[in-house]
Amino acid sequence: VSRAYLGVRYLNITPALASSEKLASKQGAYVYADGDNPVVSGSPADKAGLKSKDIILKIDNHTIGASGSMSSIIGQYRPGDTIKLTVLRDGKEIALTATLSAYDD
């Protein structure tokens, strides 16, 4: 089965995480990996310009947290679909576009 793949490691934002990391948002997906680059090189996330410590707030019109986790929202798409990411970076909302690739189990 091929699933849609963005290629980013992240933490779901909880009130505790938002507080400990002093995040500007109380929900979303915090692009983060312990000691690693959370954006997989050459992945759709990399090509879209996602960076470590970005907060992904929305995928298209789906608010991460309110509409489900990032993985459940991505799961609604197919490889090859183009998605719009609403990202919080340095206190500013920016829009990025990513074309999902296939992740084979």
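Colleague: What are the ground rules for the numbers?

Modeller: This is a predicted model, so local features need pLDDT of at least 70, side-chain atom pairs count only at pLDDT 80 or more, and totals for chains, interfaces and linings use all residues. Residues are numbered from 1 along each chain as its sequence is written, and side-chain values use heavy atoms, with hydrogens and water left out.

Colleague: What share of the residues is buried?

Modeller: Buried residues make up 38% of the 105. Buried means under 20% relative accessible area, exposed over 50%, partly exposed in between (1.4 Å probe, protein chains only).

Colleague: Which residues have the most contacts inside the largest nonpolar core?

Modeller: L6, L50, I56, I59, M70, I83 and L85, in a core of 22 residues. A nonpolar core is a set of buried Ala, Val, Leu, Ile, Met, Phe, Trp, Tyr and Cys residues joined through side-chain atoms within 4.5 Å. Elements giving two or more residues to this core include β3 (29–31), β4 (55–59) and β6 (82–89). A second, separate core of eight residues includes I13, A18, Y30 and I55.

Colleague: What does I56 touch?

Modeller: Not counting residues up to four places away in sequence, I56 touches G28, A29, V31, L50, I64, M70, L85, T86 and V87. Contact means heavy atoms within 4.5 Å.

Colleague: And D54, buried or exposed?

Modeller: D54 is buried, at 2% relative accessibility. D54 lies in the loop between α2 and β4. Leaving aside neighbours within four places in sequence, its contacts are A29, Y30, V31, G49, V87, L88 and R89.

Colleague: Switching topic. How many aromatic pairs?

Modeller: Two. Rings of Phe, Tyr and Trp (its six-membered ring) pair if their centres lie within 6.5 Å; planes under 30 degrees apart count as stacked, over 60 as edge-to-face and the rest as tilted. Y5 and Y103 have ring centres 5.5 Å apart and planes at 25 degrees, so they are stacked. Y5 is in strand β1 (residues 2–5) and Y103 in strand β8 (residues 101–104), so the pair ties together parts 98 residues apart in sequence.

Colleague: And the other pair?

Modeller: Y30 and Y32 have centres 5.7 Å apart and planes at 10 degrees, so that pair is stacked. Y30 is buried at 3% relative accessibility, while Y32 is partly exposed at 25%.

Colleague: Where is K22, and what is its phi?

Modeller: K22 is in the loop between α1 (15–20) and β3. Its phi is positive, about 55 degrees, although K22 is not a glycine. K22 counts as exposed, at 73% relative accessibility.

Notes: Helices (H or I, at least four residues) and strands (E, at least two) are DSSP runs, numbered from the N terminus.
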